[in-house]
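Hi,

Here is the structure I promised to pass on.

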Amino acid sequence: MPNSIDRTTIALGYLRKAVAIAFLALAAAIGVASTAMAHDDDRGIRLVTQNMYVGSAFDALSVAQTPEQLRAAVAAIYNNIVASRPAERAAAMAREIARHRPDLVALQEAAMLRTGTGGPATTVRSDLLQSLLDELAGLGQRYRAVAILPGLDAQAPSALGFDVRVTIQDAILVRSDLPSDDIKVSNLQIEQFGIKLATPTLVGPITDPRGWAAIDVTVRGSRFRFVTTHLDSVSPAIRVAQAKELLLTAANTSLPVVMAGDFNIAADTSLDPSFPAYQAMINAGFTDAWQSKRAPDPGFTCCQAGNLLNPTSLLNHRIDLVLFRGGFGVADISLIGNQPADRTSAGLWPSDHAGVAATLRLPAHQVDNR
């Protein structure tokens, strides 16, 4: 029979053995998890597309008949944008984006609001793009804007005693807090569409010069083109023409292609007058990621009330799309910013659009010089 010292020695031996086994089990678990994570990273590229919403409609500009009506319309637009609390909404969008940890982010209507007198307005009242970048950094996720596509940039006097300038832009963000070899971008391209909408106003026609931005992306040896666009929101005929131009320009490559953005085409119904544009992209070999993974879920992304205060979601069409061609697979795809819990503390939806978050399995390695 062992004495008390022997019993203590034996007990300590068993304890050390148990601890060693536990550490071995933990190490094995970590190894499995790390392998699974690495395997998942090797297979997928995470992306988000989000229309950020400028914060107001602009219809009143085209119906103003007198200088006083024009100034009142401009003042209303300014007040609408301020009331939409752009910085607060950017913070809400940042939280949703950060939750999905995308490698690439496509933004539409990343708008700036500026005021001034006696020249170009330069006093920044809100900047959705910069606010989003700052909020993401505050959440520990850093991104850089590698492409900024200039859009509408209009300034007019208001009834508030100062000029109001609204600048709308689209952008592509790339995760910048990853090892430098994880994701590489090249061949930046930014183009405006040849056909665009011009709206007559008292101060002259306001042209909405939409277009597309593209980068070639290399991720763990796989190379593809990433494109964002925001097709015209008023004219179905212009949308169709712009979609066809998109296929002849941004998509003109033998690389695999991902196009993510606000296409303003209701992909959920063939009754949309611009549905032929969607069909043209499908006929050109593109796959609708949502349709591929989530059908028959309609996946509505548009649109909430203009003031963003509707208590119940009004989303009733799917116009924000992720389309791909060339060997990708859809690991996952979901909507963001579409649930009542996603609203800001002031009760505002983050945007009048839901965003789309997708993880695509990467195609085989590709080489292309275009």
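Helices (H or I, at least four residues) and strands (E, at least two) are DSSP runs, numbered from the N terminus.

One backbone angle to check as well: tyrosine 53, in the loop between strand S1 (44–51) and H2, has a positive phi, near 70 degrees, though not a glycine. For context, most residues other than glycine have a negative phi, and most peptide bonds are trans.

Before you read on: this is a predicted model, where local features need pLDDT of at least 70 and side-chain atom pairs count only at pLDDT 80 or more, while totals for chains, interfaces and linings use all residues. Residues are numbered from 1 along each chain as its sequence is written, and side-chain values use heavy atoms, with hydrogens and water left out.

Now the helix pairs. H4 (residues 86–100) and H5 (residues 128–138) pack at about 50 degrees with axes 8 Å apart (axes are lines fitted to C-alpha atoms over the stretch in contact, and angles run from 0 to 180 degrees between N-to-C directions). That makes H4 oblique to H5 (under 35 degrees counts as roughly parallel, over 145 as roughly antiparallel, 65 to 115 as roughly perpendicular, the rest as oblique). Their contact (heavy atoms within 4.5 Å) divides into eleven nonpolar residues, one polar and two charged.

H6 (residues 236–248) and H7 (residues 275–283) pack at about 15 degrees, again with axes 8 Å apart, and are therefore roughly parallel. Arg239, Val240, Ala243 and Leu247 of H6 meet Ala277, Ala280 and Met281 of H7.

Last, the largest pocket, with a volume of about 1100 Å³. On a 1 Å grid over the protein atoms alone, a pocket is an open set of points where a 1.4 Å probe fits, with protein on both sides within 12 Å along at least five of seven lines; lining residues have an atom within 4 Å of a point. Of its 50 lining residues, Ala57, Phe58, Asp208, Arg210 and Ser233 are closest to the centre. S5 gives the most, seven residues.

Cheers

How values were computed: Points joined across faces, edges and corners; volume = space filled by probe spheres on them. Nonpolar A, V, L, I, M, F, W, Y, C, P; charged D, E, K, R; others polar.
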